[in-house]
Structures are given as C-alpha cells and as structure tokens.
Amino acid sequence: KRSSGYMIDPEVIDQIAGRAIEQIHTTLVGRVVAVGSKTIDVQPVTKKVLNGSIVDMPLFKDVPPIFMQGGSSYDAHPISVGDYCLLFVCESNIERWYAGQDDFQPNEDRSFDYSDSFALVGVNPLSSAVTIPSTTTSVGDKNINGTYTHTGDIVLNGVSLNDFISDHTHGGVDSGSNNTS
C-alpha cells in the first residue's frame, strides 16, 4: 500500500508485530522455588523465544498465591517448594491495589509485566496429574475454624459413625440421671 508516498513492507510489519507480541506476557507454567508467609517465588518451567533466540525466563519473586475465598470464608492449602502453578500476568501495574488501594493511577505505566502476577498452585504434568474423582476428595490434614454442619454418615477408617453411636454401649454404668462412680 502507498501512504504519504512511502511503501509499507508487510515483512517489516510482521517483524514489528512479532517483537511486540514477544513482550506480552499472559499465563505461564512455573514451579515454586521458595515459600514465604504471604508470597511465593516461582521459576517458569518453559523457555522463551526472544528476538529469535531461546532464553531462560526470569525468577518471579514475591508472587501472591490465589486461594478460593468469598466474604470472610476461604479455603487455603499449604504450598511446597516443587509445586507447579499457573502464573497469571496482569494487564497493568497492581502495586497500589496489592497495598490496599482501589481506583488508583498506577505507579508506573507498564503492561503485562512479570512483577504484576498471581499464582494458582495445583497444576500438574500428566505424569503426576491427580485423577479426577467422582466425589469431592481431600487429602492432607485440615483445620476447620467455625461451625461445621454435616448431613449424612461419617465413615472413619471404614467404620460408620452412625453405626458406632447406635451400637456403642458401656458396661457397669447406672442408667438414668445417676452418676457412676
């Protein structure tokens, strides 16, 4: 095409667009290399092609993990070094939001920068993938703070709690409101 007397070479446009796309970061697979009290450090497990060369990805430091939550309830899982995760790179600078501010002008004009990421821990390669269960399955120790309401039987080590309670008796106990000494 001709514009203002200049020819626009499609190959040049492709090269410029390709270099711009190389700088857009969206979602990456990574492995946790350090765990802090509120953030994790993650090393991407893939390499990147940059200007035609294969380069190592940098370490993502102090990445906030994602936990399922709503209101005052949340479900937080332990995170260990070696766990895999998805790194979500935000479109804009999130520093002020992370510090507690809403409706703000970003500190810096940056887009899709590695320092503006969140980690969703719990993805696995096929070799260590969790089999999709037919019922909700939890593995690991749990602490439950608050009211826990349950409907139905509870089975512990193959023993029905309902059966245990209905069949459970004590010998040598006085019936009624008496105290057995």
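A residue is called buried when its relative accessible area is under 20%, exposed when it is over 50%, and partly exposed in between, using a 1.4 Å probe and protein chains only. With that in hand, D41 is buried, at a relative accessible area of 12%.

Before going further, please note that this is a predicted model, in which local features need pLDDT of at least 70, side-chain atom pairs count only at pLDDT 80 or more, and totals for chains, interfaces and linings use all residues. Residues are numbered from 1 along each chain as its sequence is written, and side-chain values use heavy atoms, with hydrogens and water left out.

Helices (H or I, at least four residues) and strands (E, at least two) are DSSP runs, numbered from the N terminus. Strand β4 covers residues 40-44 and includes D41. Four of the five residues of β4 are buried, leaving the strand mostly covered.

Which strands does β4 pair with? Two strands count as paired if DSSP finds at least two bridges between them. One partner is strand β3 (residues 27-35), which runs antiparallel to β4 and is joined to it by five bridges. A hairpin of four residues leads from β3 to β4, and across this pair R31 stands opposite Q43. Another partner is β7, also antiparallel, with two bridges to β4. Here V42 has F60 of β7 as its bridge partner.

In a regular strand the side chains alternate between the two faces of the sheet.

Strand β7 also holds D62. Although D62 is not a glycine, its phi is positive, at about 55 degrees.

## Salt bridges

How many salt bridges does the model have? A salt bridge is a side-chain nitrogen of Lys or Arg within 4 Å of a carboxyl oxygen of Asp or Glu. By this rule there are two salt bridges. One of them ties K61 to D41, with the closest N and O atoms 3.1 Å apart. This pair links distant parts of the chain: K61 sits in strand β7 (residues 60-63) and D41 in strand β4, 20 residues apart. K61 is exposed, with a relative accessible area of 53%, whereas D41 is buried at 12%.

Another salt bridge joins the side chains of D56 and K47, 2.2 Å from N to O. D56 is exposed at 56% relative accessible area, and K47 is exposed too, at 55%.

## Two cysteines without a disulfide

A disulfide is a pair of cysteine sulfur atoms within 2.5 Å, and the count here comes to zero. Why is C85 without such a bond? The closest cysteine sulfur to that of C85 is in C90, 14 Å away, which is too far for a bond. C90 is likewise in no disulfide, the sulfur of C85 being its nearest at 14 Å. Both residues are hidden from the surface: C85 is buried at 0% relative accessible area, and C90 is buried at 18%.

Now for another part of the chain. N157 lies in the loop between β12 (155-156) and β13. N157 has a positive phi of about 50 degrees, though it is not a glycine. V159 belongs to strand β13 (residues 159-160), while I165 is in helix α3 (residues 161-167). N162 has its place in helix α3 as well.

The table shows how open these residues are.

| Residue | Relative accessible area | Class |
|---|---|---|
| N157 | 83% | exposed |
| V159 | 45% | partly exposed |
| N162 | 43% | partly exposed |
| I165 | 57% | exposed |

Contact means heavy atoms within 4.5 Å. Leaving aside residues up to four places away in sequence, V159 touches I154 and F164, and N162 touches G152 and D153.

Which residues make the nonpolar surface patch? Patches consist of residues with over 30% relative accessible area and no salt bridge, with like charges joined within 9 Å and nonpolar side chains (Val, Leu, Ile, Met, Phe, Trp, Tyr) within 5 Å. Accessible areas come from the Shrake-Rupley method with a 1.4 Å probe, and for residues only the protein chains shown count as cover. V159, F164 and I165 make a nonpolar patch of about 300 Å².
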